[in-house]
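Here is a short walk through a few helices and some aromatic rings. Have the model open as you read.

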Amino acid sequence: MMVPIEVEEFLAWMVSERGRAANTVAAYRRDLTGYTEWLDERGLALDSVEPDDLIEFVDARRKAGLAPSSVARQLAAIRMLHRHLVLEGERSDDPTADLEGVKVPSGIPKPLSEAEVTALLDAVTGNDPVARRDRALLELLYGTGARISEVCGLSMGDIDFDGQLVRLFGKGSKERIVPFGRTAAAALDAWFGPGGRVDLAPVQWRHRDDAQAVFLNTRGARLTRQAAWALIKKYGKRARLDPLHALSPHVLRHSCATHMLDHGADLRVVQEMLGHASISTTQVYTKVSQERLWQVYREAHPRARMAS
C-alpha cells in the first residue's frame, strides 16, 4: 500500500528540514505505513482521526503482541505526523495532544565483561581476508563504541591511520571524531595490507560507493548491517558467551562505555565518544558500573560476606 501524500510530505520534511538520517526516515515510513493501513481498514483518514481511534490503535498493537518499546516508537512517529499536519494547516487540531504515552520498562544494558570481550575477539581465528575483516570490524566496534550503522557506513577517507582517529556520522548525520587504540589499529593495518581487503575487491565495482567502503562482503560490495550483526552472533557462539547477553553490535557499544567508566573515564568524554546528544543518555552506564562495583565488593570484601 502506498502511504498518503501527507505522509510522503512529512517524510520529505524530516529529511530536508530536520536532517534525519535515511535509516531514521525508513523507520518512520514503516511505522506510519502500518498506521495508515490500520486507518484505511476502518474507513478513516488522517484528517478525521479522533483520540478514541488512537486509543483503539494502541490497544490493537498491544493485543497483537508488540513490545511496549515498539508501540511507543510507533506512537512517537504518529505524534510527529499529526503535529506536522497542524503546522501545515492540514488539520486544525492534534488528536494526539492529550494521548497518554506508552510506558516502557527501563532496562539497564548488560555489558560483556572484559574477559568475555577478549574471548569474543579471540574467537576470530585465521589470517584469510574474511578473518582479517571480521577482526578489524570487532576491534573497531569495541574500541570506539560506534553504532553498527556508523562502522558499516565508513569510507576510506574517514580513517586517519597516523593519528588513529575515525570520523563517524551518527544520528541526524552529526559528525564526530573518535580515537581508536593500538589493537584496532593493528587489525585495520592487517585488513588493508596484502591478503586483506584487496582480495575481496572485485575486478569491476558494481557501485561507485562500494569502492570507498572500509568493510566489504565476499561479493565485493559494502558490508551491510545485517551481515555484520550475523558475524557478531557467529563469533559470540564460537566463544560460548552467555546466551542471556543477546549478543548484538549494541552490546559491544554498551561494553565499551561501561569498561571506560570502570577504568576512570570522565562521563563527558564518554558522551562525546558515543555521540549522545544528552548526558542523561550516557548516565545509564554509571549505574551499570556502580552495580558491578557492588558485585565485586560483595564477592571480595570479608565484611560484606559475613552472615547477619
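## Ground rules

Buried here means under 20% relative accessible area, and exposed means over 50%, with partly exposed in between. Keep in mind that this is a predicted model.

Helix α8 runs over residues 182-192, and its buried residues are A184, A185, A187, L188 and W191. Look down the axis of α8 and these buried residues fall within an arc of 165°, so they line one face of the helix. The general rule behind such patterns is simple: an α-helix has 3.6 residues a turn, so residues three or four places apart point the same way.

What do the buried residues of α8 pack against? Their partners are α6 (129-144), β1 (159-160) and α9 (197-200).

## Rings around the end of α8

Now for the aromatics. The model has seven aromatic pairs. One of them joins F161 and F192 edge-to-face, with 5.4 Å centre to centre and 85° between the planes. This pair ties together distant parts of the chain: F161 sits in the loop between β1 and β2 (165-169), while F192 belongs to helix α8, and the two are 31 residues apart.

F192 also pairs with W191, this time in a tilted arrangement, at 6.4 Å centre to centre and 55° between the planes. How accessible are the two Phe residues? F161 comes out at 35% relative accessibility, so it counts as partly exposed. F192, at 26%, counts as partly exposed too. Step back and the ring pairs link F161, W191, F192 and F215 into a cluster.

Over to α12, which covers residues 249-262. Its 14 residues reach 20 Å from the first C-alpha to the last, close to the 20 Å expected at 1.5 Å a residue.

How many of the 14 residues of α12 are buried? The count is 11, so α12 is largely enclosed by the rest of the structure. The buried set starts with P249, V251, L252, R253, H254 and S255, and goes on with C256, A257, T258, H259 and L261. Just after α12, have a look at G264: this residue takes a positive phi of about 95°.

Conventions: Residues are numbered from 1 along each chain as its sequence is written. This is a predicted model: local features need pLDDT of at least 70, side-chain atom pairs count only at pLDDT 80 or more; totals for chains, interfaces and linings use all residues. Side-chain values use heavy atoms; hydrogens and water are left out. Buried means under 20% relative accessible area, exposed over 50%, partly exposed in between (1.4 Å probe, protein chains only). Helices (H or I, at least four residues) and strands (E, at least two) are DSSP runs, numbered from the N terminus. The arc is that of the directions from the helix axis to the C-beta atoms. Contact means heavy atoms within 4.5 Å. Rings of Phe, Tyr and Trp (its six-membered ring) pair if their centres lie within 6.5 Å; planes under 30 degrees apart count as stacked, over 60 as edge-to-face and the rest as tilted. The expected span of a helix is 1.5 Å times one less than its number of residues.
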